[in-house]
Amino acid sequence: MEPLVIHETPKTPSVIFKPDGELILKGRSIPESVYKVYAPAICWLEELTAEHVIFNINLEYINSASKVMLLDVFRSIEFNEHIKSIIVNWYYDSDDEEHCETGKIFEESTNRSKFNFIACQVSEK
């Protein structure tokens with residue numbers, strides 16, 4: 001299985017998914033077509049055979065359409081029978097409690113994922 005790499009643009013996040021289970025989503029998620037960004041990620045995750053996933057999410061902004069697709073990403077991970085453990089590191093600006101709350105909503109929408117909420121300054125991201 002090859003890594004999935006989608007390069008960041010001003011409106012789309014970078015996606016770096018590695019076959020060993022390291023997943024990175026970083027940047028802004030306000031694409032004109034959420035399917036162009038998230039559909040390849042979902043398909044890739046359905047084929048992932050790693051037993052342990054560490055998902056680092058460092059999104060400075062997520063629009064509502066992206067939130068819906070990100071929930072589908074979480075479902076793809078959770079429904080993958082190969083994956084035994086899922087750790088999500090949710091990074092958020094320490095001045096942006098609303099973004100932290102968004103992560104907590106995702107946490108409540110999952111069953112097997114363990115979330116870590118990591119506050120940082122914008123310059124640390």
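Guide: A contact means heavy atoms within 4.5 Å. Among contacts in this chain between residues at least 6 apart in sequence, 68% join residues at least 24 apart. The model is predicted: local features need pLDDT of at least 70, side-chain atom pairs count only at pLDDT 80 or more, and totals for chains, interfaces and linings use all residues. Residues are numbered from 1 along each chain as its sequence is written, and side-chain values use heavy atoms, with hydrogens and water left out.

Visitor: Which pattern does the chain follow along the sequence?

Guide: Helices (H or I, at least four residues) and strands (E, at least two) are DSSP runs, numbered from the N terminus. Here the secondary structure comes to 3 helices and 6 strands, in the pattern β-β-β-α-β-α-β-α-β.

Visitor: How many bridges join strand β5 to strand β6?

Guide: Two strands pair if DSSP finds at least two bridges between them. Strand β5 (residues 85-93) and strand β6 (residues 113-120) run parallel and are joined by 8 bridges. From β5 the chain passes through helix α3 (residues 97-108) to β6, a right-handed β-α-β crossover. The term right-handed applies if, with the strands pointing away from the viewer, the path from the first strand over the helix to the second runs clockwise. One of the bridges pairs Ile 86 with Ser 113 in β6.

Visitor: How many aromatic pairs does the count come to?

Guide: Rings of Phe, Tyr and Trp (its six-membered ring) pair if their centres lie within 6.5 Å; planes under 30 degrees apart count as stacked, over 60 as edge-to-face and the rest as tilted. The count comes to 7 aromatic pairs. In one of them, Phe 55 and Phe 74 are tilted, at 5.8 Å centre to centre and 55 degrees between the planes. This pair links strand β4 (residues 52-62) with helix α2 (residues 64-79), its members being 19 residues apart.

Visitor: Are Phe 55 and Phe 74 buried or exposed?

Guide: Buried means under 20% relative accessible area, exposed over 50%, and partly exposed in between (1.4 Å probe, protein chains only). Phe 55 and Phe 74 are both buried. The rings of Trp 90 and Phe 106 have centres 5.7 Å apart and planes at 45 degrees, so that pair is tilted. Trp 90 lies in strand β5 and Phe 106 in helix α3, so the pair ties together parts 16 residues apart in sequence. Trp 90 and Phe 106 are also buried.
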